[in-house]
Amino acid sequence: MMNSLLPLLALLLLHDDPDALIAYPMQSADVSNGHLNAQLGPSIKLERELSFLSDGQGGGAELYEDDRLVIASDFRAVPGLLPSREMTVSAWLSVGQPRQWGGVLGCVQDNNDAETGWVLGYDNRHFTFGIATVGSDDGNGSMTYVTGKTAYEEGKLYHVVATYDGETTRLYVNGELDAESTEQSGDLLYPERAPFTLAAYHDDNEFHAHVGRLMDVRLYDMAAQDDWVSHQFDHHSDRTDLPARIPPERAISEELLWQVPPFLQYATGDSIRIVFETTRPVTGVVRYGETSEFDREQRIDTPLMLGEVMLDGLDADEPYFYEVDLKDDRGQEIRTDIMTFQTAAPRGVPIAFAILSDTQDNPTVSATLSEHIWEQRPGFLVHPGDLTGTGSRKGDWTEEFFPGMDGLLGRVTMYPVLGNHEQDARHYYKYMSLPEPEYYYSFSQGDADFFMIDTNRNVAPGSEQYEWLDDALGRSDARWKFVVHHHPPYSSDENDYGNTWKGRGSRGDLRARKLTVLYDKHDVDLVLNGHIHSYERTWPIEGGRVVDDGGVIYTITGGGGGSLETPGPSRPAFNNTVRRGHHYCMVRINGDTLEFFAYDLDNRLFDHMRVDKRRAPVSQDR
Ligand SMILES: [Fe+2]
């Protein structure tokens, strides 16, 4: 019975289905004149050549991070493309790289609490369908993400269908109902404007490309029934038997170039990591040693584009020399200059380090500050987050962050934390090479221990990071303890924590402030924050009050490039110094003495603090 129906159904769907709004088979034959042609709907201008598969199981496109398949940059410019109420969206796909915000087809704006449109996609483990309707509109739209229960296997093909009939939203995986919700009702609620995009989660401030296989993407202005969905699946159910396939790295240019020149990560007393990315798969060698004669090497024998090499067996607080020398399959070569790095200092050795935060989207300013920092020859660099403006966009890393920091990160190890603008994106974890789980970690330099925390995640008592920090701070025997996280527990900013021109506001991030109990308990010396794009230093604080004996000093050094912010009109008691302007800081420690310096974009000193643990707890001058 079912088999006899299949040809008819296939015919209906492939050729004459009157309700299909768009259909993209996504086969190699669909590409002509630099466009991906639709069976129904607009053709898509390609920014680069697409890869296709031919394995006798339907083929399909194999998509990569840098593919862009924008059907319409604003859906309203192409009327009639989208359903207004009932809808069905279906696709065959494999997830080659799981991500929190995966997208297959969507027209969506999800910015803070304004949520409109719809998107078929996936999160790190399950398929999802996000939908906003008139019936659940809270004024600026409210989206329900219906999340399936089937945990997908990376690289395996799945048939995924979402339907909405005006009352119930359903998500099907491989022909079976996987999740449903009645939270949304009525007509679909669309944004004022939004891109309509295939193979990405795409709105005004996010572009999360689908990496993996995709084919037979279809959109209808009707709600399909269960048996329709299962027939659709049955027609090609043998695709699910295909072995998992993870897209291999592929060249992104003819010429061999650095996408990211080699940079240093996680220096310890006896090791360091070197990370780089090229535009073509390469093999080669990292040579290193105590002189530029390089008596040691690490080989890269398997072709790769993103390389990460660990050098170990090193001596603490010693200068080393290195070069990265690579070659592609065409014999093109790329090699660094003779570079330098320094291992972490052991206890008892003075240290000097730089702080630069919130470099986001401003390589001009971060390049100037990086030059100033390099002139001071710090031992290492601490970055309290918001390296990028949009962490999920690869270009924010390869065209903004790394170019802005070029010249510094190849010689000075950067220890970062995640800011909100990193969006917890895969690129951060890909480029940064830090101890697991990477969103928190610690390191030691000289007489200081550093505790690096992700305040985008829950940091309340009982949370993973709170408990880890309590334990790690308790076990630290360092003379100096520093905690680094993006969000500031204390801030004079005019409007990030309530409008201070019209009310008192909370004067800091209340989620992060919960951590201050641990700082008091474990005698933390300094807390280094960003997020607010200005400079601020507090008096020592304990139990939420300014003290003149002991206490924790909080700094905000978010002037690394992001657009500047302004303090509110009145001065909170905790504030010692606040200053609008791009800047960086230097910290120098020798035994019981700490010196803290802040410099503006012209490299002029504008703030200085000295802490001496032996004498009066803090002396400060400006
Ligand atoms: Fe931020």
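What is the volume of the second largest pocket? I would also like to know which residues line the second largest pocket.

Author: This is a predicted model, and the values below are computed from it. The second largest pocket has a volume of about 430 Å³. Its lining is made of 16 residues, and those nearest the centre are Asp66, Arg68, Lys394, Gly395 and Glu399. Sorted by class, the lining of this pocket holds 8 charged, 5 polar and 3 nonpolar residues. Helix H4, residues 394-405, supplies the largest share of that lining, with 4 residues.

To place the pocket, start with the division of the chain. There is a domain 1 (2-241), a domain 2 (258-342) and a domain 3 (351-621). The second largest pocket lies between domain 1 and domain 3, because both of these domains give residues to its lining. The centres of domain 1 and domain 2, taken over C-alpha atoms, are separated by 42 Å.

The largest pocket can be described in the same terms. Its volume is about 510 Å³. The lining of the largest pocket has 18 residues, and Asn112, Asn205, Glu206, Asn420 and Gln423 are the ones nearest its centre. By class, that lining has 10 polar, 5 charged and 3 nonpolar residues. Domain 1 and domain 3 both contribute to the lining of the largest pocket, so it lies between them.

The structure has 1 cavity of 30 Å³ or more. About 40 Å³ of space is found in the largest cavity. Its lining consists of Leu63, Tyr64, Asp67, Arg68, Leu69, Leu198, Ala199, Ala200, Phe207 and His210. Of the residues in this lining, 7 are nonpolar, 1 is polar and 2 are charged.

Tyr535 stands opposite Thr557 in S36. Pro437 lies in the loop between helix H5 (426-431) and S29. The peptide bond from Glu436 to Pro437 is cis, and its omega is near 5°.

A hairpin comes next. Strand S21 (residues 272-289) and strand S22 (residues 296-311) are joined by 12 bridges in the antiparallel sense. Val286 stands opposite Gln298 in S22. The hairpin of S21 and S22 has 6 residues between the strands, and Phe294 takes a positive phi near 55° there.

One further sheet remains. This open sheet has 3 strands in the order S2-S3-S4, with antiparallel pairing. Strand S2 (31-32) and strand S4 (44-45) are at its edges, each with a single partner strand, so one side of each has no neighbour in the sheet. S2 and strand S3 (residues 35-36) run antiparallel and are joined by 2 bridges. Ser32 stands opposite His35 in S3. Met26 is placed in the loop between strand S1 (20-24) and S2. Its phi is near 60°, a positive value in a residue other than glycine.

To return to the request: the second largest pocket lies between domain 1 and domain 3, since both give residues to its lining, and H4 provides 4 of the lining residues.

How values were computed: Residues are numbered from 1 along each chain as its sequence is written. This is a predicted model: local features need pLDDT of at least 70, side-chain atom pairs count only at pLDDT 80 or more; totals for chains, interfaces and linings use all residues. Side-chain values use heavy atoms; hydrogens and water are left out. Domain bounds come from an automatic or database domain assignment. On a 1 Å grid over the protein atoms alone, a cavity is a set of points where a 1.4 Å probe fits but cannot get out, and a pocket is an open set with protein on both sides within 12 Å along at least five of seven lines; lining residues have an atom within 4 Å of a point. Grid points are joined across faces, edges and corners, and a volume is the space filled by probe spheres set on the points. Ala, Val, Leu, Ile, Met, Phe, Trp, Tyr, Cys and Pro count as nonpolar, Asp, Glu, Lys and Arg as charged, and the others, Gly among them, as polar. Two strands pair if DSSP finds at least two bridges between them.
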